[in-house]
Amino acid sequence: MKEKVDRSINRIDAPEKTGGYAEYIADMKFEGMLYAKTLRSEKPRAVIKSIDIPLLPEGCYVVDKNDIPGKNRVKMLLDDQPFFAEDIVNYIGEPILLVVGPDREQVAQVLSNIRVLYEEMEPVFTIVDAVKCDKASIYGEDNCFSGYEIIRGDPDRAFREAAEAIEGEYRTGLQEHIYLEPQGVIGVYENERVTVYGSMQCPYYIKTALVQGFGWDEERIRVVQTTTGGAFGGKEEYTSIIAGHAAFAAVKTGRPVRLIFDRAEDIICTTKRHPSIIKIKTALDKNRKITAMEVEITLDGGAYAGLSPVVLQRAMFAATGVYNIPNIKVKGRVFATNNVPSGAMRGFGGPQAFFAIEMHMQSLAESISRDPLDFKMENMLSKGDLTVTGGVLRYEVKLPQMIDLVEKMSGYRRKYEAFINDRGEVPKGIGLSIFYHGCAFTGSGEKEKIRARVKLKKRKDGKVLILVASVEMGQGSSTTLRKIVARAMDLPVEDVIYENPDTDIVPDSGPTVASRTVMIVGFLLKKAAERLKAGGEKAADFKVTEACEGPAELEVTEEYEEPGYIKWGHEKFEGDAYPTYSWGVNVVEVEVDPVTFVIKVNGIWGVYDIGTIIDERIIRGQMEGGIAQGLGYAAFEVMNTDCGNILQPSLADYIIPNSKEFPEMEIRLIDNPYEYGPFGAKGAGELPFIGAAPALASAVQNALKVPIKRLPVTPEYLLKVAEGEK
Amino acid sequence: MVRTYRPQSFQEALEIKKGAPVITIAGGTDLMVKRRRSTGLSPYFEVPAMFIAHLGEIKGVRFDGGNIRIGAACSFAVLLQNEATPPILKTAVSRIASPAVRNMGTIGGNICNASPAGDTLPVLYARDASVVLKSIDQERILKISEFITAPGETVLREDELLKEIVIPEKPFDVNFYRKVGTGMTNTISKITFTGIAEILNGMVKDIRITFGAVAPTVVRSRVNEERLIGHSGKEIEKMIPEISSLYSALINPIDDQRSNAFYRRSVSLRLLGHFLRALPGC
Amino acid sequence: MKISFVLNGRDVLLDTDPLRRLLDVLRDEFNLTGVKEGCGEGECGACSVLVNDKIMYSCILPVGSVDGSRVLTIEGYRETERYKVLQEAFTEAGSVQCGFCTPGFIMAAEALLSEDASPDEKSIREAISGNLCRCTGYSMIVDGIKIASRKGRGLW
């Protein structure tokens with residue numbers, strides 16, 4: 001009998017990373033390489049009247065909007081963001097030009113001697129002001145990048161007939177990714193072709209952005225991912241901007257150009273998690289059953305749209321959480337402000353929505369004297385129920401078993417009761433969150449937007465090469481994908497080769513985002529592997545790198561086919577918002593210092609349904625890391641702005657969790673195979689992040705007996721809330 | 001590139017100091033951050049720099065006739081290991097930054113940096129520490145509260161170096177130190193509170209209370225402390241509102257990127273109340 | 001200024017600005033790129049090296065202050081038996097994800113184990129508290145050090 005697929009194997013990339021052998025972008029050197037630094041806007045909103053550039057020393061260049069041969073717009077959803085500012089700047093840190101030269105000292109000198117004359121315009125910094133729109137609009141006529149509405153059933157009638165309606169407003173703040181490796185790229189121009197090497201999640205996004213920026217044939221553009229030191233969504237869309245910068249500079253100078261950020265620069269100008277204001281109103285009938293829910297989500301998109309419309313959609317599709325609500329109205333809008341653009345980050349709108357709905361359900365239950373967990377479970381979705389968008393949950397929802405298990409692990413119910421009645425000196429609390437994550441792209445996005453392709457090649461020596469655009473960024477895909485192919489072909493994993501993607505070699509299997517890599521790309525690889533094992537097609541010789549060149553024998557290409565059951569109407573957001581869902585239950589136990597209101601986490605338990613696990617150890621790493629990042633978001637990752645300036649632009653002031661912060665976590669995974677995932681696997685990477693903040697906030701609510709409505713739950717906020725209660 | 005000096009002795013360091021203005025680098029953990037530029041560039045120094053952390057003469061900790069004498073270039077890690085270091089100072093030092101910074105940073109640097117959030121300062125103020133300032137011509141001894149005058153400012157003259165810190169040896173029965181910051185490590189203090197007391201026959205014989213990071217310099221008031229001396233814990237408990245309002249008048253916190261004035265003030269006073277309530281006999 | 005120190009067991013002498021960050025000297029002059037820059041301000045520990053066996057941040061250490069000292073980077077350390085044990089333990093425990101922080105953690109682990117060959121969980125968490133990891137949540141790194149301490153008995 002074969003051993004189970006989930007049995008952990010050693011990560012393929014561990015030894016080279018541990019020993020410092022792995023080459024990250026900052027470790028690469030090219031003959032004649034120049035250094036680039038970016039001149040950034042110092043104003044949140046202004047017209048650039050003039051730019052005074054001193055006489056440049058020999059070998060030094062300035063690269064700006066005039067050096068962009070194609071369209072000066074970064075290819076994204078609304079195409080509103082320029083690579084380099086034209087006549088207007090919209091946020092502090094917006095790139096205006098690059099100074100490029102052989103000597104870093106000289107580049108710094110030139111940069112500090114450039115004078116920009118600005119004519120300031122009235123900026124907009126808050127969601128509330130953006131909605132008001134009483135200053136010149138930043139985007140369109142009303143500052144609104146996107147707005148949508150979902151209506152299911154007859155919510156208006158349900159509210160008219162309700163016995164009571166309970167409301168809450170929830171707010172969340174910025175979060176910075178803090179991938180340990182700052183953003184960086186190197187552009188190289190040779191033989192009429194430009195190549196960008198860099199730390200990234202989406203080689204083909206960058207390629208597409210460069211095609212538009214240069215206006216060249218795509219054959220002239222090549223993107224190569226280098227070992228990537230963490231990303232978490234931060235290297236999804238943002239990297240296209242700096243890839244453009246380095247590429248334009250390489251073409252202008254004819255030399256390789258290196259553009260790598262320091263941490264402060266990275267924090268100031270890269271994307272962040274969207275701040276949100278979410279209002280939830282719930283209608284109850286006279287038996288105190290939920291009859292309807294109305295949710296209004298407003299996000300701060302920052303100065304440019306980026307991926308904001310899709311982040312908003314994901315937040316809306318999570319608006320009513322794991323609950324079965326008969327009548328629903330969800331309104332969502334994302335607004336432009338003169339803050340740094342918000343963008344993709346692990347969870348992608350889900351964390352904001354789940355914080356709001358979970359806190360709302362807890363407060364709602366407590367306000368009608370019901371046990372929150374009982375109340376949640378009575379209203380929980382199960383197989384056959386409808387999602388927010390009216391999609392049918394086709395697969396078993398194992399939440400009841402998962403809650404049972406987490407209860408056994410954590411003693412949640414007993415502790416909740418004990419703590420709610422406890423008036424001891426040190427307030428203690430326990431919180432439980434229930435959540436999901438829709439796997440892969442929204443709706444028919446996998447079919448219509450991406451249509452992923454993967455390729456396998458078999459060499460004469462029997463080794464099999466994986467050719468996909470999915471990157472290894474720490475999450476373990478280089479090991480997981482090899483394992484899938486090896487298992488499908490009955491090969492030892494050592495015989496399956498995966499190298500960092502190079503767009504000259506790999507087909508477009510889509511971006512490494514949305515918890516889609518294993519489920520979508522992995523499934524295609526498994527199908528390809530099965531076909532290859534059965535014969536495959538004849539292949540030409542090929543060369544990837546020295547290590548894996550060789551005469552090829554066979555190859556197989558596989559393209560995404562949408563499972564027949566997916567029905568999606570994008571205009572009205574009707575049907576299956578995602579192919580399937582991963583589920584989670586998270587419990588956090590805390591105590592709150594009665595003097596300082598500092599939160600101490602005393603216990604963390606999580607149970608997750610991610611289908612079948614491909615590698616237990618990698619998944620444990622994803623779950624624990626996701627929880628830690630989520631608890632940082634929940635408790636102390638404070639990022640404030642003052643007139644568009646980020647007040648915490650360093651790791652001294654923006655504090656992420658360290659080794660002493662949290663106790664050991666207890667994680668369990670339950671098996672619930674998905675028929676269109678490899679060996680039954682679903683998405684995993686984002687899920688654990690989502691439940692952490694509501695679990696912690698609920699625990700604090702249990703401890704202090706005051707409703708928690710803000711993230712992060714700082715001691716400053718708790719003091720204010722506690723004083724307010726007196 | 002500025003000139004740099006690496007003297008071979010403390011005496012030579014003083015001679016260099018006498019000659020021209022120099023910036024003294026001990027552990028460098030603050031200077032190298034404040035003056036940093038981007039990758040590949042040396043930090044910005046407008047005048048010559050002088051390294052002193054290698055000078056053995058100013059690195060030790062020792063008992064000396066009723067005092068504890070700590071060399072200015074003594075690293076936090078050495079302070080933590082040395083038996084002569086007062087336990088409350090060890091408590092404060094153990095919460096400074098991280099193991100790496102504690103191996104690099106020095107107590108002298110923490111003092112001369114004169115940050116309102118310097119973590120050793122509230123303990124040194126509470127323990128009546130003095131600083132020994134040396135120039136080639138003379139030696140001065142000042143109380144630490146006289147030495148530090150404002151954020152980042154001291155009365156150190158251009159030709160002087162901080163040689164050592166002198167702490168009177170005196171046992172205290174109650175030693176309470178709290179650092180409030182975001183996270184457990186590598187965090188800059190929002191508030192530090194130090195409360196130490198000597199108790200005799202149920203009465204407070206001596207008491208010292210200091211607050212860090214809530215005013216331009218460390219807050220300490222001997223007048224307020226003297227109000228508490230001679231009282232029992234029970235009596236003190238009743239005095240808490242009065243004492244709190246006296247300290248509230250002295251602390252003057254700000255809103256910044258780490259916290260806000262409201263929190264700093266309230267929690268400082270809550271820590272004060274917590275400390276006073278926990279005195280024996282309360 | 002002429003600065004001499006022992007780098008990974010070899011005497012080195014260079015004439016440079018003593019205020020340069022040791023990190024830049026290691027990466028640019030000696031091509032020791034296993035020493036990473038994650039923050040440049042002594043917060044993340046990706047640039048950790050051992051100076052006279054003590055862990056320090058090379059991003060805030062002026063090279064002038066290591067004159068006469070012994071400096072050990074991951075490139076020197078990876079040639080040792082102790083490293084081999086740690087590397088295998090880190091792999092076994094799943095301590096490595098994106099890997100950018102990992103060499104720094106290895107140096108922190110060596111600094112700890114050379115002082116305490118059988119550290120408890122609390123000491124491990126303290127010893128690595130100056131090294132940030134955004135991927136793992138730390139427990140799997142703690143496990144790696146525990147495994148190394150067990151399997152490397154006698155080496156430290």
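Tutor: A charge sits over a ring if CZ of Arg is within 6 Å of the ring centre and within 35 degrees of the ring normal. Keep in mind that this model is predicted.

Student: What makes Arg35(B) a residue that lies over the face of Phe45(B)?

Tutor: Arg35(B) is 4.9 Å from the ring centre of Phe45(B) and lies over its face. The distance cut-off is 6 Å, so that value passes. Chain A has a case too: Arg220(A) lies over the face of Trp216(A), 3.6 Å from the ring centre.

Student: Why is the pair of Trp568(A) and Phe573(A) called stacked?

Tutor: Their ring centres are 6.0 Å apart and their planes meet at 20°. Pairing needs centres within 6.5 Å, and stacking needs planes under 30 degrees apart, so the pair is stacked. Over all chains, a search of the whole structure turns up 36 aromatic pairs.

Student: How do you know whether Trp568(A) is buried or exposed?

Tutor: Buried means under 20% relative accessible area. Trp568(A) has 16%, so it's buried. Phe573(A), at 3%, counts as buried as well. Both belong to one aromatic cluster, whose members include Tyr148(A), Tyr436(A) and Trp583(A).

Conventions. Residues numbered from 1 in each chain as written. Chains lettered and ligands numbered in written order. Predicted model: local features only at pLDDT ≥ 70, side-chain atom pairs only at ≥ 80, totals over all residues. Heavy atoms only, no water. Phe/Tyr/Trp six-rings, centres within 6.5 Å; stacked < 30°, edge-to-face > 60°. Buried < 20%, exposed > 50% of the residue type's maximum accessible area, 1.4 Å probe, protein only.
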